[in-house]
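Try each task before you read its solution.

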Amino acid sequence: MAPQYAPSLRSRLPLVAFLLETIFLILFVFFVKIEQQHEQSGRESDSKLFISSYAEFQDVHVMIFMGFGFLATFLVRYGFSGSGFNVLLAAMAIQWAVLINGFLLPQRHHRREIHISMKSVIEAELCAASALVAMGAVHGKTNPVQLLLMALVEVTGFVVTQWILRTLLNADPVYSIMLLHVFGALFGVMVSWVLHREGIKPEHEKEKTDRRTGLFAMFGTLFLWMFWPSFNSALVGDYRRERGLKLTVIYGTYLSLAVSVVMAMSVSMLTSSKGKMNMVHVQSSALSGGVAIGVAMTAVHQPWIAMTIGFCAALLSALGYRYMKNHMLFAFECHDTCGVLSVHAIPGILGWFAHLFLRLASSESTIAVQFAVYHICVLLITACMSLVMGTATVSKFGGTQMKNLWTH
Amino acid sequence: MAPQYAPSLRSRLPLVAFLLETIFLILFVFFVKIEQQHEQSGRESDSKLFISSYAEFQDVHVMIFMGFGFLATFLVRYGFSGSGFNVLLAAMAIQWAVLINGFLLPQRHHRREIHISMKSVIEAELCAASALVAMGAVHGKTNPVQLLLMALVEVTGFVVTQWILRTLLNADPVYSIMLLHVFGALFGVMVSWVLHREGIKPEHEKEKTDRRTGLFAMFGTLFLWMFWPSFNSALVGDYRRERGLKLTVIYGTYLSLAVSVVMAMSVSMLTSSKGKMNMVHVQSSALSGGVAIGVAMTAVHQPWIAMTIGFCAALLSALGYRYMKNHMLFAFECHDTCGVLSVHAIPGILGWFAHLFLRLASSESTIAVQFAVYHICVLLITACMSLVMGTATVSKFGGTQMKNLWTH
Amino acid sequence: MAPQYAPSLRSRLPLVAFLLETIFLILFVFFVKIEQQHEQSGRESDSKLFISSYAEFQDVHVMIFMGFGFLATFLVRYGFSGSGFNVLLAAMAIQWAVLINGFLLPQRHHRREIHISMKSVIEAELCAASALVAMGAVHGKTNPVQLLLMALVEVTGFVVTQWILRTLLNADPVYSIMLLHVFGALFGVMVSWVLHREGIKPEHEKEKTDRRTGLFAMFGTLFLWMFWPSFNSALVGDYRRERGLKLTVIYGTYLSLAVSVVMAMSVSMLTSSKGKMNMVHVQSSALSGGVAIGVAMTAVHQPWIAMTIGFCAALLSALGYRYMKNHMLFAFECHDTCGVLSVHAIPGILGWFAHLFLRLASSESTIAVQFAVYHICVLLITACMSLVMGTATVSKFGGTQMKNLWTH
């Protein structure tokens, strides 16, 4: 099938990528240095910090490029595009996130310099993850140039939101970055909704899946599922007093995911008319436990609380995926290709509620009210920013069909 | 092809999974806490322990979910079931293993509390591995509900066996857990044998393999093969005096596997009528070196001994896989889908012999006799328990065909 | 299609492998021990050394067996052979590299004993990597026995070259081993060239790729791409004073790869007549940034320099892959199946130039001239050795078609 966009577009993507890459390179020349602190201070704890950070960074790295890349291969027609463009977008989003993070959220008092460290690279990868979540909603409905620009706008929006949360509300950096799922999902759905209003009909036959590509998607899912404990704990500091918290986060995420995969399979079979598991359904909802616990993690100290959060997240997410996707389409004319609303937004908000509830249960009443107000503000700001940015993004680019650009 | 079991069964699996998950959750509420020791003691060595344990835990985690899951995809008709149910079974087996391990084999003097730590999670994953080995023998001959219950019974049996070994014979925990391959394989073969007597004919056409799914199985095999050094060394303590042993185990497993993969390929080509490699054959036997060295590892101190064990294990395993599988079927009416007898049981027993021989060679005669008696008792108890539990398991559930439950 | 080589050949590979494995085993009996130093010295830093080395070793291990193995699956007809023989060759090459490295390049003053340590195993894996690069040029043109012998000759040649560089020129071990790409690629191309002159016509239809195996190749590429920072930094010492350098290498490789994947995609689309990405093209050139920075890494201290090297490497490599491969074939009658010349040799030589330039820019004139002479000698010796060894290798073995030996 011939691409429906003009041939000129074919040459636009490489030029845009080339141009952006050159701009990034020039910005790196003037502003970015490699963190040299470890060498100079030579403190004992620094080297341990490095050792454990690098392993966690690799886990997150695998999730971004292998996990998200192959998760999208379940769409037969976009198998290659899914994994290929995923690498392109993620590589550019990470470079941009290093820059924008360094400008807006400088880590220490560096005089107009951005220092690359394990922390800054992990943060950049998490920002890229939020852009990849947003991609999930518009897969198959945009051309690659739009996807690339959308990814960069999404990263910018997410970092600006974090800057607002940290500056205005003095929010915890780890907590604010864990809202990446909510931000990304709402952003993506908003883009998809506005695109839809401009007359693009979802073509259902393009969503068809198949057994072989299904196994590739299983691969992506498993990589995300297995390394999620590292994803959640990567930014929980390695310093002595936070070590217990880091371990608690790891065990909590692990248990939450174990429960959510069981629940996702059960719900998928129960709600299917033939009693069969729908693989895409299971793959999507199995991850919801990790999303939910990620938002609530600093307040979770008991294994059973983590498991209950995973239980509820998978239940809501699996039911949402089954019943909400089509309702969304017909009621609001909003088409969400990978169902990011039920996979990322709903569990994220559930985790937010769990966080609120657990904090309220363990605080005195005056502090509790303060916390509740603060907590609600954080979510509202994140939601508003993502919806506004999502709408603003589309208004600039017209929507045409993204085609499979690969030769095979 | 329509499922041959009653439609009511279709809805049984989600309900059973849902029910079991709820029971696990309630047990976790009352009995399980997260280990907080690291934070309180704050000793220097603890943090290093954590860092290296988490990386090893991740390696084992990858082996269980990625390795075992995709190893089973070589059966074309069970590709999805293989990787899908593997995740379900492993996730439930791990939760159950944390509980049953905590009840029967408490790690320290905790008053009726189970504390989750890296060690307890790694042990739970190894117990799940033993259940997954048992699965290999009955793939394609049981329905999912049976598989799930069988996995939980297998884990219970394995933990009870360990409790007997540790309590009665004062066995080394690491050594007793490494018998997981022998226990799992004998358990699975026994279940398969009893099922067979109840009239289920193996359908040979269901064992057919294909090139594409073959590459997925190669994936699973490689993940198991690459991370096996972590699998064997994960529970060898990280404490100063055992560090040398841990490294020895890592190098030994690495060399043993390198030799066994070469031998598996050679034997596969030599014994084939056309001189071609049979991929499934190679994939199965390549791992035998890791199984054998796992049982013998604490007595192996020279690289060439490790390599010789890998050499013999691959030789026996590859010949066994080629010639024994069909003989088993016709002589004993026992059908072993993935050949777990030659992949896990034979190398495991070979490793046991190597362990015995190496210890006898380096001990005085009085101690040698003592050790031999003890060592033989350990194997006999493990074998008896696995055979008895395997038989008992089936008597409760009738055997019907496991169908491909996935929609695609 | 029936194999064109005599049936006797079918039984030759297992016998050759069996014989070689037995010889290796006997050599291990007499010469190789497991390093026990960590236990004896018990120094604090040793245990940290171990922890970080083992994680890096695993990353390199994954690259060799998963990355290189699946990278070659893009050739439909050699999918299985690619990943299967890759494991066989790599496993034997590693054992041989441990021996030959220990004989020629003893690490400390061990009296005629080779001690296995993390360092020796990582070095052996890097030597195997250089053999796997050479394989890339002759894929589909040799039979497995030839491939196996060629791999062992290549490893020997590479270790001898390193011995010359370290003994005669007193070269830095890390720098000399990083020339593995240049050595492997030139060796492989030379073998391919001599084979060609003996009358073997490349059969273009055997190079055809397909969508499904393409996703497997994407897998291999991504594993190489993701873990390359570990590949480059694995041998950069863990000692206090080099820690800063290790981090610099990690960040540099990471950034260089991020830029090179973007550039590889852009160039692939720009140079294609239809404006589509050629997947094999992208997969090959995306890795060039890692090759180039690997040779230059000890002289790179700024992120933008690393990025510029990645930028140029991908540009040259992608253009070379597109235009040079066919010119090579017609002008020099040299057929290079995986395009190793543009993927490994050109970026390697670019990295060498970058290294020279960066050192000259930061040195005084007298030292600069000395360094330039030394630096040019290193490259010339490496190139000469690889070309001579490559030619010598083929003269002994006649070239016949390598067939797909797998039963499926």
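This is a predicted model: local features need pLDDT of at least 70, side-chain atom pairs count only at pLDDT 80 or more; totals for chains, interfaces and linings use all residues.

## Exercise 1: Charged pairs under cover

**Task.** Is Glu56(A) buried or exposed, and which lysine does its side chain meet in a salt bridge?

**Solution.** 
- Step 1. Because its relative accessibility is 3%, Glu56(A) counts as buried; the limit for buried is under 20%.
- Step 2. Its side chain meets that of Lys246(A) at 3.2 Å, N to O.
- Step 3. Glu56(A) is in helix H4 (residues 44-71) of chain A and Lys246(A) in helix H11 (residues 243-271) of chain A, 190 residues apart.
- Step 4. Lys246(A) has a relative accessibility of 1%, so this lysine counts as buried.
- Step 5. Now turn to chain B: Lys246(B) forms a salt bridge with Glu56(B), and the closest N and O atoms are 3.2 Å apart. Lys246(B) lies in helix H10 and Glu56(B) in helix H3 (residues 44-71) of chain B, so this pair ties together parts 190 residues apart in sequence. Both Lys246(B) and Glu56(B) are buried.
- Step 6. Over all chains, the count comes to six salt bridges.

## Exercise 2: An aromatic pair across chains

**Task.** How many aromatic pairs does a search of the whole structure find, and what geometry do Tyr254(B) and Phe57(C) form?

**Solution.** 
- Step 1. The search gives 55 aromatic pairs over all chains.
- Step 2. Tyr254(B) and Phe57(C) are edge-to-face, with 5.3 Å centre to centre and 80 degrees between the planes; planes over 60 degrees apart count as edge-to-face.
- Step 3. This pair crosses between chains, from helix H10 (residues 243-271) of chain B to helix H3 (residues 44-71) of chain C.
- Step 4. Tyr254(B) is buried at a relative accessible area of 8%, and Phe57(C) is buried at 2%.

## Exercise 3: Nonpolar residues inside and outside

**Task.** Which residues have the most contacts inside the largest nonpolar core, and which residues make the nonpolar surface patch of about 390 Å²?

**Solution.** 
- Step 1. The largest nonpolar core has 390 residues, and those with the most contacts inside it are Phe223(A), Phe223(B) and Phe223(C).
- Step 2. Leaving aside neighbours within four places in sequence, Phe223(C) is in contact with residues including Phe223(A), Phe223(B), Met66(A) and Phe219(B).
- Step 3. For comparison, nonpolar side chains in soluble globular proteins tend to be buried together.
- Step 4. The surface patch is made by Ile26(A), Val29(A), Phe30(A) and Trp304(C). Its largest share, three residues, comes from helix H2 (residues 12-31) of chain A.
- Step 5. Phe30(A) is in helix H2 of chain A and has a relative accessibility of 62%, so this residue counts as exposed.

How values were computed. Residues are numbered from 1 along each chain as its sequence is written. Chains are lettered from A and ligands numbered from 1 in the order in which they are written. Side-chain values use heavy atoms; hydrogens and water are left out. Patches are made of residues with over 30% relative accessible area and no salt bridge: like charges are joined within 9 Å, nonpolar side chains (Val, Leu, Ile, Met, Phe, Trp, Tyr) within 5 Å. Accessible areas come from the Shrake-Rupley method with a 1.4 Å probe; for residues, only the protein chains shown count as cover. A salt bridge is a side-chain nitrogen of Lys or Arg within 4 Å of a carboxyl oxygen of Asp or Glu. Helices (H or I, at least four residues) and strands (E, at least two) are DSSP runs, numbered from the N terminus. Buried means under 20% relative accessible area, exposed over 50%, partly exposed in between (1.4 Å probe, protein chains only). A nonpolar core is a set of buried Ala, Val, Leu, Ile, Met, Phe, Trp, Tyr and Cys residues joined through side-chain atoms within 4.5 Å. Contact means heavy atoms within 4.5 Å. Rings of Phe, Tyr and Trp (its six-membered ring) pair if their centres lie within 6.5 Å; planes under 30 degrees apart count as stacked, over 60 as edge-to-face and the rest as tilted.
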